[in-house]
Structure formats: structure tokens, C-alpha cells
Amino acid sequence: GSDDDHFEDAQDTIIEGGEAYRDADGNLTVNVSFVTQDAIHTALHFLASHEFPLHRVGDSSEKNIRTLTQVHAFATFYKMPILANEVYRTLRVLVNKAAHLASAVFDECSKSIKLAGMEDNVKRNELKEYVFDSIREKPEEFLIVGGLKYLSPESIEKIICDQEIDVDEITMFHILFTWIREGPGEREDKLKVAKSLVSNIQLTLMDVKYLNTRVRHSGFV
């Protein structure tokens with residue numbers, strides 16, 4: 001049936017699983033571990049009205065991008081294809097306006113999928129595939145110009161270890177080097193991550209001058 005039917009089924013499932021309860025006035029509160037209350041409210045708003053709140057559609061902030069990405073995870077988990085398709089379309093429009101936001105979507109997708117226990121689900125996640133393919137094809141545009149600040153250690157690892165990304169070794173090193181400067185978290189922790197990942201970059205293919213300057217003084221080689 002429709003997403004409305006799916007929502008009724010999902011609501012029953014959530015309640016049976018102890019992830020929801022009604023207060024004394026009969027109001028339903030839903031607690032889903034892999035999404036925030038903002039994401040749940042956005043999903044419920046769409047299911048009730050078949051559109052997103054206006055501020056969700058035009059807001060390019062990191063918080064909104066992550067919230068919408070969580071809505072996609074919620075829709076995927078509870079099998080609501082109409083909601084999933086609409087949030088996918090909305091996020092594509094926002095990423096097309098500001099390419100670096102693809103990194104925030106990628107990071108949040110990975111996190112939500114892991115928290116929801118959907119990593120082993122063989123069904124493809126079109127949102128994650130879209131942003132990952134975008135990053136692979138144009139890493140300078142999607143990563144280096146403002147995208148690296150959104151990436152957790154787990155996300156930068158997925159990118160550095162990826163075999164399909166369209167970059168040379170110097171650009172890959174530059175991505176890792178720039179992530180230490182711009183990525184979230186403490187510098188010392190990021191240096192440890194970089195040390196564990198740099199073996200995936202073939203330093204022997206680099207220009208000697210670059211090796212003797214940037215690489216030697218990077219702090220993680």
C-alpha cells in the first residue's frame with residue numbers, strides 16, 4: 001500500500017519494540033536510536049501532509065542536511081518509499097547548489113546506516129550511492145573545497161581506501177592532509193587516523209619535490 005499504510009504498520013512495530021509510548025494525554029512519543037527527534041518530526045510532517053516543512057527544503061545548513069539524511073534512513077528502515085524518494089530528491093537539489101554538502105550527506109548516511117543495523121542489508125542505498133559516486137568523480141569539488149570538515153574518521157577511511165575514486169596519489173595525500181586541518185575532532189586524534197591510513201597512498205609514485213616538502217613535514221609519515 002501507500003506510505004500511510006506503511007506508517008501505520010511502522011508505528012505498530014515501533015510501539016511493540018518499546019521505542020514509542022503515549023503520555024497521559026495520549027500523545028505519541030517515538031524514540032528511534034539512529035535518528036533525532038527533528039528527523040522524526042520531519043518524517044511525520046511529510047506523512048501527514050505529503051510535503052516537507054518549508055524551512056527543510058531551502059536550508060543548506062549542515063544540521064538540516066544531516067536531519068534530512070536521517071529522514072532518508074528512517075524511511076528506508078521502515079520501508080516508506082514515497083518518503084525516501086522525496087527526501088532523496090530534496091537532498092539532490094541542495095547538493096547541486098552546494099557540492100561540499102555531499103560530504104555531510106555521505107557522513108550522516110554511513111552513521112545512520114550503521115546505527116540502524118542496516119550495513120549488512122544487501123539492498124542498495126541510492127542516496128549513499130549518489131553522494132559517494134559524486135565524490136568519486138569530482139573529489140576536488142565535493143571534498144577539498146569545504147567538504148572535508150564534515151567527515152568523521154570512519155568516513156575519511158572509506159574515501160582513502162576506496163579503489164574507484166578518480167584522483168592521483170598527490171591529490172589523495174592532499175585530501176588526508178587537509179582533513180587533519182579541517183576535519184572534526186582533536187588534531188592528535190586525526191594524526192593517529194592519518195598514520196593508519198597513509199599506507200593506502202603510494203608515496204613512491206609522487207614527485208620527489210612534493211615528497212621532500214609537504215609529505216616529509218606532514219606529521220603523519
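Buried means under 20% relative accessible area, exposed means over 50%, and partly exposed lies in between, with a 1.4 Å probe and protein chains only. The model is predicted, so local features need pLDDT of at least 70 and side-chain atom pairs count only at pLDDT 80 or more, while totals for chains, interfaces and linings use all residues. Residues are numbered from 1 along each chain as its sequence is written, and side-chain values use heavy atoms, with hydrogens and water left out.

## Salt bridges

Side chains of opposite charge can pair when their charged atoms come close. Here a salt bridge is a side-chain nitrogen of Lys or Arg within 4 Å of a carboxyl oxygen of Asp or Glu. By this rule the structure has 10 salt bridges.

| Salt bridge | N to O distance |
|---|---|
| Glu62 and Arg66 | 2.8 Å |
| Arg136 and Asp162 | 2.8 Å |
| Glu182 and Arg181 | 3.6 Å |

Which parts of the chain does the pair of Arg136 and Asp162 link? Arg136 sits in helix H7, while Asp162 belongs to the loop between H9 and H10, 26 residues apart. Both of these residues are buried. Helices in this report are DSSP runs (H or I, at least four residues), and they are numbered from the N terminus.

Glu62 is partly exposed, with a relative accessible area of 35%, whereas Arg66 is buried at 12%.

## Aromatic pairs

Next come the rings. Rings of Phe, Tyr and Trp (its six-membered ring) pair if their centres lie within 6.5 Å; planes under 30 degrees apart count as stacked, over 60 as edge-to-face and the rest as tilted. Searching the whole structure gives 7 aromatic pairs. In one of them, the ring centres of Phe77 and Tyr78 are 4.9 Å apart and the planes meet at 85°, so this pair is edge-to-face. Is Tyr78 buried or exposed? Tyr78 counts as buried at 8% relative accessibility, while Phe77 is partly exposed at 32%.

Another pair is formed by Phe106 and Phe132, whose ring centres lie 4.7 Å apart with planes at 40°, so the pair is tilted. Phe106 is in helix H6 (residues 101-115) and Phe132 in helix H7 (residues 126-137), so the pair ties together parts that are 26 residues apart in sequence. Phe106 is buried at 0% relative accessibility, and Phe132 is buried at 12%. Ring pairs also link Phe34, Phe74, Phe77 and Tyr78 into a cluster.

## A negative patch

Glu137, Glu140, Asp166 and Asp168 form a negative surface patch. Patches are made of residues with over 30% relative accessible area and no salt bridge, where like charges are joined within 9 Å and nonpolar side chains (Val, Leu, Ile, Met, Phe, Trp, Tyr) within 5 Å. Asp168 is found in the loop between helix H9 (153-160) and helix H10 (169-182). Asp168 is partly exposed, with a relative accessible area of 47%.

Terms used
Areas by Shrake-Rupley, 256 points an atom, 1.4 Å probe, with all protein chains shown as cover. Lys, Arg positive; Asp, Glu negative; His and termini not counted. Charge placed at Lys NZ, Arg CZ, Asp CG, Glu CD. Helix = DSSP H or I, 4+ residues; strand = E, 2+ residues; numbered from the N terminus.
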